[in-house]
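Please consider how the charged side chains of this protein pair with one another.

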Amino acid sequence: MTTPDTKTTQDQPAHDHSAHGYITAKDDYLKRLRRIEGQARGLQRMVEEEKYCIDILTQVSAMTKALQAVAMGLLEDHISHCVVDAAVAGGPEAEAKIKEATDAIARLVRS
């Protein structure tokens with residue numbers, strides 16, 4: 001039986017997520033994400049109110065930067081916690097974590 005934390009999908013292998021690297025900053029991440037959620041609602045309002053295109057684009061840019069900051073923080077936490085722990089343990093788990101981090105970096109670079 002799989003739990004939500006160990007669910008396997010076609011693109012994501014199962015993981016033991018008992019201690020995430022970001023857990024010590026969880027409240028900070030949630031605060032940032034809630035702020036981003038508010039920005040998204042603000043963008044919707046701007047479109048509904050037919051605000052000036054450049055003003056909307058400026059807000060899209062701010063929201064994009066905010067999401068990138070969250071992504072970079074999560075990536076840093078992942079590397080310094082999950083990848084380092086796996087590297088210390090060695091073996092196939094280390095190789096898998098390094099590939100996983102490299103793939104995440106590649107997705108961020110493409111976005």
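The count comes to 5 salt bridges, where a salt bridge is a side-chain nitrogen of Lys or Arg within 4 Å of a carboxyl oxygen of Asp or Glu. Side chains of opposite charge can pair when their charged atoms come close. The model is predicted, so that local features need pLDDT of at least 70 and side-chain atom pairs count only at pLDDT 80 or more, while totals for chains, interfaces and linings use all residues. Residues are numbered from 1 along each chain as its sequence is written, and side-chain values use heavy atoms, with hydrogens and water left out.

One of these pairs is formed by Glu-37 and Arg-41, whose closest N and O atoms are 3.6 Å apart. Both residues belong to helix α1 (residues 26-48), where 4 residues, about one turn of the helix, separate them. Helices are DSSP runs (H or I, at least four residues), numbered from the N terminus. Glu-37 is partly exposed at a relative accessible area of 47%, and Arg-41 is likewise partly exposed at 42%; the term covers values between buried (under 20%) and exposed (over 50%), with a 1.4 Å probe and protein chains only.

Helix α3 (residues 91-110) holds Lys-97 and Glu-93, 4 residues apart. Their salt bridge has its closest N and O atoms 3.9 Å apart. Lys-97 counts as buried, at 11% relative accessibility, whereas Glu-93 is partly exposed at 43%. Lys-97 also forms a salt bridge with Glu-100, at 3.7 Å between the closest N and O atoms; these two residues lie 3 residues apart in helix α3, about one turn of the helix. Through shared partners, the salt bridges join Glu-93, Lys-97 and Glu-100 into one network.
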